[in-house]
Amino acid sequence: MTLLSTEKAQAYCTTLTKKSGSNFYYSFLFLSRKRRAAMYTIYAFCKEVDNAVDDPPTGSNPSTELQRWWDELQAAYEGTPTFPVTISLAHHVRRLSIPRAYFEELIKGVGMDLSASRYASMQDLSLYCYRVASVVGLICLHIFGPTSARAQDYAVSLGMAFQLTNILRDIGTDAAQGRIYLPQEDLQQFGCTETMILQQQENEALHTLLHFEAAKAYGLTGWKLYAYVIMPSALRRSLPYYSNEVILMLHSTTVAFTATIPDILKVARDANSATFLTFQSFGIAALIYLTVTFALVGLFRLAERRWLAFLGPTH
């Protein structure tokens, strides 16, 4: 069998990421070429492993498919990969020194969907969230650069928040597959039964539960998390407080709009044409806002580079 070159394997990962329809593809466009290529490959690996369980080839066994990816991961680290994604992955993990254990945890996390459809407590769910989301953040740290203990703590917390958000977003889809990821102890606390979720019965108990889980996800991020992740320490020390707040506001709102506009329009379009037209108008206004915002962010980033150049190297 003729193996793909690293370049063709990378092209496969890029195409797969683009065709996935994920908003992540567009966020990656703001990265440098090498970082963007690495992120395409990491995304492609996560997508393929996830599909091994959620959308396996017809007639295949999800457990067997997952084992194939486990074996390919080992091959990637030993220099003998055969899948397009792992050929590209082998190049990036070697260049960036990404620990194999992170990818192994990811595969174990996806495998949990084959054996568990309920979680008794938040502690139980936390292991799942760590494996399928937080380790992705830890992998990304090797792409972006900072791998300090503090950066790792933030990556884990942000991954937890992302996964809880995904669980809330997909609660209906998961229920259709007989899965309830929200902790059973939380359901009991708010008087919400499994039947309410599985049959999508809207009521006060369910709304209260979802608000509680959303607050939990938000609490894992926190405003200071964004401040420390986005803002270089030298810039935080040198710029006035209000300048920090302006950059943070522009950055967070830009990311929020970019990530949510396509989903909002999709939901509105599925609802009815009148709602869609209303949200479409909102989308146009938001895009105008984005254009202005990106220009302002660019100016602030230019100022940031000049400040850092003035301050000199930091250690």
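Of the contacts in this chain with a separation of 6 or more, 63% are between residues 24 or more positions apart. Keep in mind that what you see above is a predicted model.

On secondary structure, the chain has 16 helices and zero strands. It runs to 315 residues, and buried residues make up 39% of them.

One part of the surface I want to point out is a nonpolar patch. Which residues make it? They are Tyr26, Leu29 and Phe30, and the patch covers about 360 Å². Take Tyr26 from that group. Tyrosine 26 sits in helix H2, which spans residues 24–28. Is tyrosine 26 buried, exposed or partly exposed? Its relative accessible area is 48%, so tyrosine 26 counts as partly exposed, because that class lies between the 20% limit for buried and the 50% limit for exposed.

Next, the inside. Rolling a probe the size of a water molecule over the atoms shows where empty space is left. How many cavities of 30 Å³ or more does the structure hold? There is one. The largest cavity has a volume of about 50 Å³.

If you want to find that largest cavity on the model, look for its lining. Ile167, Ile171, Ile180 and Ile197 are among the residues there. Leu182 and Tyr181 also line the cavity, as do Asp174 and Arg179.

Technical notes: Residues are numbered from 1 along each chain as its sequence is written. This is a predicted model: local features need pLDDT of at least 70, side-chain atom pairs count only at pLDDT 80 or more; totals for chains, interfaces and linings use all residues. Side-chain values use heavy atoms; hydrogens and water are left out. Patches are made of residues with over 30% relative accessible area and no salt bridge: like charges are joined within 9 Å, nonpolar side chains (Val, Leu, Ile, Met, Phe, Trp, Tyr) within 5 Å. Accessible areas come from the Shrake-Rupley method with a 1.4 Å probe; for residues, only the protein chains shown count as cover. A salt bridge is a side-chain nitrogen of Lys or Arg within 4 Å of a carboxyl oxygen of Asp or Glu. Helices (H or I, at least four residues) and strands (E, at least two) are DSSP runs, numbered from the N terminus. Buried means under 20% relative accessible area, exposed over 50%, partly exposed in between (1.4 Å probe, protein chains only). Contact means heavy atoms within 4.5 Å. On a 1 Å grid over the protein atoms alone, a cavity is a set of points where a 1.4 Å probe fits but cannot get out, and a pocket is an open set with protein on both sides within 12 Å along at least five of seven lines; lining residues have an atom within 4 Å of a point. Grid points are joined across faces, edges and corners, and a volume is the space filled by probe spheres set on the points.
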